[in-house]
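This report describes one protein model for a reader who is new to structural analysis. Please examine the sequence and the structure shown here before reading on.

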Amino acid sequence: VDKEEEALVRRQLDELHAKYRTFGEDQVVGYYPPDAPDDERHHFGLAGTNVDGTQWQAGDCSVRFPLHSVSKVFTYGLALEDNGTAEVLRRVGVEPSGDPFNSITFDEANHRPHNPMINAGALVAANLVAGRDVDEKVDRILACYRAYSGNPELAVDQRILRQQLRSNDRNLGLCYIMRSLGMIDGDIDEVVETYLSACSITVNAADLSVMGATLANGGVNPLTGERAVAREHVRDIVSVMMTCGMYDAAGQWASEVGIPAKSGVSGDIVFVLPRYFGFGVYSPGLDVHGNSVRGVALCREMSAVFGLHVFADP
Ligand code: GLN
């Protein structure tokens, strides 16, 4: 990216940010947490990091938010590293389910959750992270996310974790069913705490864009030069984002936006254009699928304006 290009993209991103700043109130069906104060509901940040290290920011890029389901991407990568592709595939599939993120359905023929981007599969991936106990697993997850983001200060927000542990019947239910079916083993509270700790790690939009850029850059953080994940796993991680990253809107996203991405219930979205860049978007206010209303609209237009759709004619 040369100086001229950098400035042009900066201007275009500022325009897009301004255009979508007040977009879509009528499409919002909920916020996370539901009682989020009004001023927090209006946060809107957009950040990009190129594989050459160029960065762009527009709006609220220093506001921190919990990763929630976006964490599934990076924990899946760690599970692949700890267990190898074959073993992970035996335990969790790569097929889109077409069901909501917290659905209690499984790939029964193959005796595993459909994919690691919905809760059932993400709980299995958390179960597959190596470590003697929750603390060791969470420490390893943190070290991994810090390498992706280049931010050594990433941490689990304990208040958010406690809040999630309190209203957690669905994930517990999923785990009990999966243990009864032999899909997970061990202590269920530990599995859930590991998964929810990853969900409760807070980042800002700039951190998130670097995490995406690390995937775009074959697993090496473009700012620090540190390897966050083995190159051989990057393809598998990004593929499952493409097919399953946006819950039950994944197919629509693939056709309209056409960029591998993952969303979370806090209103965050990370998207990755392999070999080019990663972007992080944060805007609370969720649509019926649990995806950020403004985030989705912004990404759709960015894809069109910059010609990012991976299957579009060049
Ligand atoms: N922590 C949330 C949960 O497991 C994450 C879900 C999400 O972001 N969709 O319920």
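Between domain 1 and domain 2 there are five residue pairs in polar contact, with both residues at pLDDT 80 or more. A polar contact is a pair of N or O atoms within 3.5 Å; within protein, one must be able to donate a hydrogen and the other to accept it, and residues adjacent in sequence count only if both atoms are side-chain atoms. On the side of domain 1 that touches domain 2, α10, β5 and β6 each supply at least two residues. Helices (H or I, at least four residues) and strands (E, at least two) are DSSP runs, numbered from the N terminus. The greatest contribution to this side of domain 1 comes from α10, with six residues. The table gives the residue ranges of these elements.

| Element of domain 1 | Residues |
|---|---|
| α10 | 205-216 |
| β5 | 261-263 |
| β6 | 268-273 |

The model is predicted: local features need pLDDT of at least 70, side-chain atom pairs count only at pLDDT 80 or more, and totals for chains, interfaces and linings use all residues. Residues are numbered from 1 along each chain as its sequence is written, and side-chain values use heavy atoms, with hydrogens and water left out.

**The two domains**

Domain 1 comprises 3-63 + 204-225 + 244-306, and domain 2 comprises 68-199; such bounds come from an automatic or database domain assignment. The domain centres, taken over C-alpha atoms, are separated by 23 Å. Contact (heavy atoms within 4.5 Å) involves 20 residues of domain 1 and 25 residues of domain 2.

The size of an interface is often given as the accessible area lost when the parts come together. Here the two domains bury about 1800 Å² between them, 71% of it on carbon and sulfur atoms. Buried area is the accessible area (1.4 Å probe) that two parts lose on being put together, summed over both. Met211, Cys244 and Lys262 supply 33% of the area that domain 1 buries against domain 2, more than any other three residues.

**Salt bridges**

A salt bridge is a side-chain nitrogen of Lys or Arg within 4 Å of a carboxyl oxygen of Asp or Glu. How many salt bridges cross the interface of domain 1 and domain 2? The rule finds zero there, although the count by this rule comes to twelve salt bridges. One of them joins Lys19 and Glu301, whose closest N and O atoms are 2.8 Å apart. This pair links distant parts of the chain, 282 residues apart: Lys19 lies in helix α1 (residues 3-20) and Glu301 in helix α13 (residues 293-306).

**The chain and its local features**

The protein chain contains 13 helices and seven strands. Its C-alpha atoms fill a box of roughly 55 × 40 × 40 Å, taken along the principal axes.

Tyr32 and Pro33 are joined by a cis peptide bond, with omega about -15 degrees. Pro33 is placed in the loop between α1 and α2 (38-41). His68, a residue other than glycine, has a positive phi near 45 degrees, and His68 is in the loop between β3 (65-66) and α3 (71-83).
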